[in-house]
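This report walks through a single protein chain, from its overall form down to individual residues. Please keep the sequence and the model in view while reading.

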Amino acid sequence: MKILIFIPARGGSKGIPEKNLSNLNGVPLIKYTLDTTKELVKKNNEWIPFISSDDKKILNYCKMQGFKMDYIRPEKLSKDTSPMIDAILDALDWLSMKNIHIDSVLLLQPTSPLRAINELLKAIKLAKDKKYFSIVSTTNMREHPNECIEINENGWSFLSKPKSAFHQRQSFSSRYYFIDGSFYFASKKFLIKNKTFLIENETEFFNTNHYWPIDIDEREDLIVASAIMKEKNVC
C-alpha cells in the first residue's frame with residue numbers, strides 16, 4: 001500500500017501565532033510529527049511524506065529536518081475557514097501531475113504531537129488489502145456524557161441521561177469515545193467519494209492508549225502538553 005503521510009502546517013493561527021513552530025519542551029511543535037514521520041518512512045520506503053504549508057519559515061525548517069518540498073499550499077487553501085480535505089485533494093492533484101500515485105492518506109496533524117508508532121502501524125495493518133476504508137483514532141471520553149449537559153431556551157438536559165439520580169462513575173457506560181485527532185487514515189477512493197475522513201457507520205475507530213489526548217490550539221494546551229510529555233519522557 002502506497003501511503004501519503006500528509007502533514008498540514010499552514011502559517012496562520014489565531015490562538016497561537018506561528019503555532020506549528022511554537023516551542024514545546026525546547027523544540028518546535030512540528031518536529032514531533034516530523035520525527036514520527038521519519039520513523040514511519042524507515043518502516044516502508046513506499047510511504048511518502050508530504051508537508052502542506054504556505055509558510056516559508058515552516059517549509060525552511062522542514063527542509064532543515066530533511067523534508068525537501070517543492071509544493072507550496074495555495075493561499076485560497078490556507079485560510080482559517082479552508083477545509084482540510086481541499087488541501088489534501090490539491091496535494092493529490094499536484095502529485096498526480098508529477099506521475100506520483102498513492103493508495104491512501106495518513107493525516108498527522110502537528111497539533112497532536114504525542115503518538116505511538118506501534119499504534120500507527122497497527123492501524124495501518126488494519127487496512128491491509130482493503131481498497132476502500134477509513135480509520136480514525138479515538139480515546140475514551142474523560143468528560144462522560146452522563147455528566148455533561150446542554151442548556152437551551154427550554155432549560156437543560158443531560159447529553160446522556162444517567163440511569164438514576166444517584167450514580168457513580170464506575171457505573172457509567174464505556175461505549176463513549178472522543179475523536180482525538182492523533183491520526184486520520186483513509187483510502188484515496190474513500191476521500192474522493194466522500195470528501196471527508198468521517199462517515200457515520202462506515203468509518204472504523206482505533207482506540208489509543210492515551211488517557212489525556214493532546215490537541216494544541218491555545219497557549220494553555222502547550223503547558224498541559226509539556227507536562228504530560230515530560231512525565232512520559234517524550235522531550
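## Terms and basis

A residue is called buried when its relative accessible area is under 20%, exposed when it is over 50%, and partly exposed in between, with a 1.4 Å probe and protein chains only. The model is predicted, so that local features need pLDDT of at least 70 and side-chain atom pairs count only at pLDDT 80 or more, while totals for chains, interfaces and linings use all residues. Residues are numbered from 1 along each chain as its sequence is written, and side-chain values use heavy atoms, with hydrogens and water left out.

## The chain as a whole

The chain contains 6 helices and 10 strands, where helices (H or I, at least four residues) and strands (E, at least two) are DSSP runs numbered from the N terminus. Its C-alpha trace spans about 60 × 40 × 40 Å along the principal axes. For 235 residues, a compact globule would have a radius of gyration near 18 Å, and the 19 Å of the chain agrees with this; the radius is taken over C-alpha atoms, and the globule rule is 2.2 Å times the number of residues to the power 0.38.

Of the 235 residues, 45% are buried. Contact means heavy atoms within 4.5 Å, and among the contacts with a separation of 6 or more, 74% are made by residues 24 or more positions apart.

Helix H6, residues 219–231, has 13 residues and reaches 19 Å from its first C-alpha to its last, close to the 18 Å expected at 1.5 Å a residue; the expected span is 1.5 Å times one less than the number of residues. The buried residues of H6 are Leu222, Ala225, Ser226, Ile228 and Met229, and they pack against strand E2 (23–24) and helix H1 (30–43).

Helix H1 has 14 residues and reaches 21 Å between its first and last C-alpha, close to the expected 20 Å. Its buried residues are Ile30, Tyr32, Thr33, Leu34, Thr36, Thr37 and Leu40.

## Residues in and after helix H3

Trp94 has its place in helix H3, residues 84–97. Leaving aside neighbours within four places in sequence, Trp94 is in contact with Phe50, Asp70 and Tyr71. Glu75 is 19 residues away from Trp94 in sequence, and their C-alpha atoms are 15 Å apart.

Asp103 is found in the loop between H3 and strand E5 (104–107), and it counts as partly exposed because its relative accessibility is 42%. When residues up to four places away in sequence are not counted, Asp103 touches Met1, Lys2, Ser187 and Lys188. Asp103 and Glu204 are 101 residues apart in sequence and 18 Å apart in space, C-alpha to C-alpha.

## Asparagines with positive phi

Most residues other than glycine have a negative phi. Just after H6, Asn233 takes a positive phi of about 60°.

Asn201 has a positive phi of about 70° although it is not a glycine, and its place is in the loop between helix H5 (188–194) and strand E10 (204–207). Is Asn201 buried or exposed? Asn201 counts as exposed, because its relative accessibility is 78%.
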